[in-house]
Amino acid sequence: MVGLDVRQTNFSCLEGESGWLFINDIDDVMEKNAGEVTLSGADLRHWRMTLELREAWVERQGGRYRFLMAPNKISVYGEHLPNVVASSARPWSSLARYMAATSSFEIIDPTYVLKSHKSTRDVYFKTDEHWNDYGAWLAYRQLMQSLPDELCLHLVQENDLKLRYRTFIGGLAAVLPEPPSEDVIRYDVSNPCAGMVFENKAKGRGKVQVFENRRRDLPRAVLFRDSFGSFMLPFLAESFTRLVVVSARGLLFDLVEMEMPDVVITEMVERYLDPAPDDIRWPTFAEACRVPLEVVAEQTACRAVAA
């Protein structure tokens, strides 16, 4: 294992075995993995109350709430960094134990599913920190299966996907002096029914995307996500009549009140679990996204994908 000194970036990467690269020097990811940065008792209580209050509030609005934790790459492919050992005190391990002991709220953790499939095909990119399309689809499938049958969801099956082969240089490789590439398989939905009808900016926190589906018999959803969630969007858009997506760590209550979705989802990568978000002090939709709610409503009205 070699720690690579990378200039002109806000992170470096660790080079593991067999060409696997891992993010380093950001969000204390390695310190969290080692248990040197963990969650205090107050942090754990904060998380439990946040998740339980979100669930109760969304249910009062007539919806269901789900929280999906996207595992750090090292949590799935840690064997490629043999000198780095995951601690039982790392934030996710501590939170999982605490929630199991004190709460009925279940965080959706696809770690086991991802690990069980990685022997047949990669579920994360070698040269990037994110899960790949297949890993995202596995997490999407577990998320959808957690929702009740009465919602009449459309689940994108593996045989609904078409494969596209390409050469890829991930974000971790791109910061190296001689970036390595990898051959990857991208997964596209065959004959998609959904399309994007609104987007407020290219990337970053506060990005808003709205997807409409030709099928009008499906439920509606709001997704709060980080970059891992972006890989799930082609699949999620097929499962809902309307899907509003915001890059944000907190819950935007005014957006949920306007949309009145059947499902509210938070996706958050493991390394963001510390600190817990403060929903009460979270900004309004307009403050967080730099666009008024009314603009989103007006510009997406009657713009469902044409049949």
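This report describes the confidence, the sheet, the core and several single residues of one predicted protein model.

Residues are numbered from 1 along each chain as its sequence is written, and side-chain values use heavy atoms, with hydrogens and water left out. Because the model is predicted, local features need pLDDT of at least 70 and side-chain atom pairs count only at pLDDT 80 or more, whereas totals for chains, interfaces and linings use all residues.

## Confidence

The protein averages a pLDDT (the predictor's confidence in each residue, from 0 to 100) of 92, and 94% of the residues score at least 70. Over residues 1-9 pLDDT stays under 50, and for this stretch the model has 18 contacts beyond four places in sequence, where contact means heavy atoms within 4.5 Å.

Helices (H or I, at least four residues) and strands (E, at least two) are DSSP runs, numbered from the N terminus, and two strands pair if DSSP finds at least two bridges between them. On these terms, six strands form an open sheet in the order 4-11-9-10-8-7, with mixed pairing. Strand 4 (64-70) and strand 7 are the edge strands, each of which pairs on one side only. From one strand to the next the twist averages 20°; axes here are lines fitted to C-alpha atoms, for helices over the stretch in contact, and angles run from 0 to 180 degrees between N-to-C directions.

| Strands | Sense | Bridges |
|---|---|---|
| Strand 4 and strand 11 | parallel | seven bridges |
| Strand 7 (residues 194-199) and strand 8 | antiparallel | five bridges |
| Strand 8 and strand 10 (residues 242-247) | antiparallel | five bridges |

## Strand 8 and asparagine 213

Six of the six residues of strand 8 are buried (under 20% relative accessible area, with exposed meaning over 50% and partly exposed in between, for a 1.4 Å probe and protein chains only), so this strand is largely enclosed by the rest of the structure. Val208, Val210 and Glu212 point one way from the strand, while Gln209, Phe211 and Asn213 point the other way, and all are buried.

Asparagine 213 belongs to strand 8 (residues 208-213) and has a relative accessible area of 0%, which means that this residue is buried. Its side chain reaches the backbone oxygen of phenylalanine 240 at 3.4 Å. Not counting residues up to four places away in sequence, asparagine 213 touches Cys193, Ala194, Leu218, Ala237, Glu238, Ser239, Phe240 and Thr241.

Helix 2 lies across strand 4 and strand 11, and runs at about 145° to strand 4. Within helix 2 (residues 41-60) sits valine 58, which counts as buried because its relative accessibility is 1%. Leaving aside neighbours within four places in sequence, valine 58 is in contact with Gly63, Arg64, Tyr65 and Val264. Valine 58 and glutamate 298 are 240 residues apart in sequence and 24 Å apart in space, C-alpha to C-alpha.

A nonpolar core is a set of buried Ala, Val, Leu, Ile, Met, Phe, Trp, Tyr and Cys residues joined through side-chain atoms within 4.5 Å. The largest such core has 97 residues, and those with the most contacts inside it are Phe67, Trp131, Phe224, Leu236 and Phe285. Helix 6 (residues 133-145) contributes the largest share of this core, eight residues.

## Backbone features in the loops

Aspartate 27, in the loop between strand 3 (21-24) and helix 1 (29-33), has a phi near 55°, a positive value in a residue other than glycine. Its relative accessibility is 29%, and aspartate 27 therefore counts as partly exposed. A positive phi, near 60°, is also found in arginine 290, again a residue other than glycine. Arginine 290 lies in the loop between helix 11 and helix 12 (293-300) and is exposed, with a relative accessible area of 74%.

The peptide bond from aspartate 274 to proline 275 is cis, with omega near 5°, and proline 275 is placed in the loop between strand 11 (263-269) and helix 11 (285-289).

How values were computed. A polar contact is a pair of N or O atoms within 3.5 Å; within protein, one must be able to donate a hydrogen and the other to accept it, and residues adjacent in sequence count only if both atoms are side-chain atoms.
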